[in-house]
Every structure is written in structure tokens, then in C-alpha cells.
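The sequence and the model are shown first.

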Amino acid sequence: MSPTVPSSTSTSPRPYARVPIELGDRSYEIRIAPGLLDEPDTWAGLPRASTALIVTNDIVAPLYLARLRQQLSGVYSRVETLVLPDGEAQKSWESLDRIMDHLLAATADRKTVLFALGGGVIGDLTGFAAAIYMRGVPFVQVPTTLLAQVDSSVGGKTAINHPRGKNMVGAFYQPARVVADLDTLDTLPARELSAGLAEVIKYGPIADAAFLDWIEQNLSALMARDKQALAYAVQRSCEIKAWVVGQDERESGLRAILNFGHTFGHAIETGMGYGRWLHGEAVGCGMVLASDLSARLGLVPTAFVERMKRLIRAAGLPVVAPALGLDRYLELMQIDKKNEGGDIRFVVIEGLGKAGVRSAPTELIAEVLATHCDPSADT
Ligand SMILES: NC(=O)c1ccc[n+]([C@@H]2O[C@H](COP(=O)([O-])OP(=O)(O)OC[C@H]3O[C@@H](n4cnc5c(N)ncnc54)[C@H](O)[C@@H]3O)[C@@H](O)[C@H]2O)c1
Ligand SMILES: O=C(O)C(=O)C[C@@H](O)[C@H](O)[C@H](O)COP(=O)(O)O
Ligand SMILES: [Zn+2]
């Protein structure tokens, strides 16, 4: 299901990488470089408007809000800001309502541009707000976590969570630009860096075997925040995601490969209560389980499962799943968006760099969970 992604020009990125995402009149550019926040050119050529609204949170605001605000003041006559509390729980109707309220109280017109300054939580929430305010206003992603730079800011999936499932209410709505300033990763906590590495690792087995080799060889440099290594990881991840989304924007087929590890992962996040496991942690662990399922379906050798487990553990991510019980896992996975006709469907690896989507017999799912869940762990 995943034919060859065009290879990157080199493993040493240009200082200013620009990855295009081709979607006709919704095409845009992902800009990747250190120092982008403070460069006036970064903010030139965006949709014209009188008002901009920066949405961020109380962790990111003290770090980066003033700098973004200063740059945008040179472009928009009015720059509004909304600082939300931190955390996955903010992907909610209440936060969406706060954004709507802020926009309406400020009499923001339908040209107003929203800026999502933060990680995937702020990006998903602000993107959804942009999709629905006055039936749609432009927005710009300014991702400040590794996870957001390599994944959530790109491709236009926007959403809030429902107590029964992740991202259950949302829209496909593309940003006008993505600005990934690599210097913002300097302040990221180590646990969040690891969470971002989970989505970086994902791109190898689903689409690019050589990238998986590269990640293994450069994991120490990535964890030590070597800028060159991070720049290449962000650039290559974005190239792969842009290539997938460019062919299947609304996930009618190919795009589902980006969900590797997510059927189990989303079940863990929802089952544990949003925020206890980070998204990247749940996806990392979910990839171990989905790799094992691929092996049990006879698609990859068991050595591949060991390889994935080694890499995910070395990236500082959990490889043992919470023991929620088979019935609870099945209940949680029953509302996964990939499901069809009542069948739970998983992204499986069909060979290095090649993924597909399949259902699996309940006995195999039970075997996978029995192998990788820890009944003694606190759930
Ligand atoms: N739309 C998509 O395609 C897509 C893809 C992957 C994940 N997601 C979603 O993204 C979310 C996870 O995103 P995330 O991992 O970025 O989590 P997050 O947005 O919660 O950010 C992680 C933490 O880092 C903090 N933070 C952000 N930038 C910082 C910085 N530069 N320095 C210090 N702290 C910083 C945040 O305040 C937060 O505490 C989940 O809701 C997930 O479902 C969406
Ligand atoms: O962009 C995509 O497509 C993805 O699946 C990327 C995932 O990493 C991301 O977590 C996404 O939000 C999951 O989408 P969902 O449709 O399963 O909610
Ligand atoms: Zn994800």
C-alpha cells in the first residue's frame, strides 16, 4: 500500500528547508529552520487581514508569545492573544467555545488569521476553530514540539476529543503555512522529545526503510538535540507526510498508513484518561503491539518486532502496555475511525517501508495483548 516515497536530496538539510505540500488551491509550504520565529520573511506573504489571533497555552506563552506577537504586529494592525491552560484535556468543546467567544467579543471578521503557537494540542484545537469560525478563516501552524513539527502541524487533521474516543469531532482543514522553528525544541522537556520521536520512528517502517536505518544510527544525536540531526528528522518526516497527504488528503486509502500504532495507541490514551499517557508514548507502545500483530499475521519476521521494540525503548518510550483487559481494549478500539462494517482495522507492516490496513481475528489481538500488557502495572 505504500509505494516508494521520493528520497530526500541529502541527509544534511539545507539551513532553510521548505517542504511543499501539493493540494491544488490548498497547497502550502512547511518551513523548517532554526531562528524562523524572529525573521520578518517568515511572516510575509500570508493571507491579508486586519486581525490576527494567536492561540497558545500557559507553558508556551512565556517562552515564545512576545516574539511572535512582535513579528505579527508588523503585518496585522491588530494582534489578539488567547492563552489557554496546558494539556490534552484542552482538546474540548469548552476550549473551542473560549476561542469562538474571544473572536466574537473582539468582532473578528471572516478574514481574521489564527496562529496556533504550541504543540499538537494547540494545533489541533486552533485548526478546528479556524475551520468553523464564520464557516472558515485562514490559520497558520507554528509548532513548538517535535511531535507537532514532524506530524500534527502538517496535513490538516484538526479535532477535539470525546470522552469515548480521540479526535472524534473535527474537520480536514489545511493551514496556510507551517513554520517549524527548530530552536523552540531547545526548551522541550525530555519526555516530550521522546514522545515526538515516536512519530518520527513511525515513518520508517510505513514508508522508508532507509529512514528507519538512519533513525537507529542517529538516535543518540537526536536525543542529545543535535540540531543537524533534528533538522533532518523533521525535514524527512515532513517530506513523507506531505507525499502521503498529497495523494490522499481525506484518508480514503493510503493516508491510513500514518495511523500505524494508533489503533492500540488511541485505546491506551482514552482508556487511561487523556493526559496520563502522552500521545507519542501511546503510539510508541502501540507500534510494538501493531508490529507483533503484523508478525502474527505472517507479514514480517519476529526479528522485526524485536527491532522495533529495541528502538522504541531506546527512544525513552514505554514498550509495555497497560492491562486494561481484552474486553475494554476491544470496546475502545470499536470506535476507531478506520473501522468498517464493525471490523476493527489495524495498520500493519507488510515489509520494511510498506504498510497496509487489515482486520485481525480476536484470538490474535488477545495474544498480542497478553504478550505486551503488564497486569502488575498501575492502570
Ligand atoms: N493532527 C494530526 O495529524 C496529529 C498528529 C499527531 C498528533 N496529534 C495530536 O497532537 C497532540 C499531541 O501533541 P504534542 O505531543 O505536541 O503535545 P502538547 O501539545 O500537549 O505539547 C506537549 C507539552 O509540551 C509543552 N510545550 C510545547 N512547546 C514547548 C516548548 N517549545 N518548550 C517547552 N514546552 C513546550 C506543551 O505545553 C505541553 O505541556 C495529541 O492531541 C495528538 O492527538 C495530531
Ligand atoms: O495525519 C494523519 O493522518 C495521522 O493519522 C497522524 C497521526 O499521527 C495523528 O495522531 C492523527 O491525529 C490521528 O488521526 P485519527 O484520524 O486517527 O484521529
Ligand atoms: Zn499520532
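## The sheet

An open sheet is formed by 7 strands in the order E1-E2-E9-E6-E5-E3-E4, with mixed pairing. Strands (E, at least two residues) and helices (H or I, at least four) are DSSP runs numbered from the N terminus, and two strands pair if DSSP finds at least two bridges between them. Strand E1 (17–21) and strand E4 (78–84) are at the edges with a single partner strand each, so one side of each has no neighbour in the sheet. From one strand to the next, the twist averages 15 degrees.

This is a predicted model, in which local features need pLDDT of at least 70 and side-chain atom pairs count only at pLDDT 80 or more, while totals for chains, interfaces and linings use all residues. Residues are numbered from 1 along each chain as its sequence is written, and chains are lettered from A and ligands numbered from 1 in the order in which they are written.

Strand E3 (residues 51–57) and E4 run parallel and are joined by 7 bridges. Leu-84 in E4 is the bridge partner of Asn-57.

## Helices on the sheet

Helix H2 (residues 93–105) lies across E3 and E4, at about 155 degrees to E4. H7 lies across E1, strand E2 (28–33) and strand E9 (177–181), at about 15 degrees to E1. Axes are lines fitted to C-alpha atoms, for helices over the stretch in contact, and angles run from 0 to 180 degrees between N-to-C directions. Residues are in contact if their C-beta atoms, placed from the backbone, lie within 7 Å.

## Helices H5 and H7

The axes of helix H5 (residues 190–207) and helix H7 (residues 227–247) come within 10 Å and cross at roughly 45 degrees. H5 and H7 are therefore oblique to each other (under 35 degrees is roughly parallel, over 145 roughly antiparallel, 65 to 115 roughly perpendicular, and the rest oblique).

Val-200, Tyr-203 and Ala-207 in H5 meet Ala-233, Ser-237 and Ile-240 in H7. By class, this contact has 5 nonpolar, 1 polar and no charged residues. Ala, Val, Leu, Ile, Met, Phe, Trp, Tyr, Cys and Pro count as nonpolar, Asp, Glu, Lys and Arg as charged, and the others, Gly among them, as polar.

## Ligand surroundings

Ligand 1 is surrounded by 31 residues, the closest being Ile-59, Gly-119, Gly-120, Thr-145 and Ser-152; a residue is near a molecule if its C-beta atom, placed from the backbone, lies within 6 Å of it. The shell around ligand 1 divides into 9 nonpolar, 13 polar and 9 charged residues.

The residues around ligand 2 include Asp-151, Lys-157, Glu-199 and Arg-255. Its shell divides into 1 nonpolar, 4 polar and 7 charged residues.

Note on methods:
Two residues are in contact if their C-beta atoms, placed from the backbone, lie within 7 Å.
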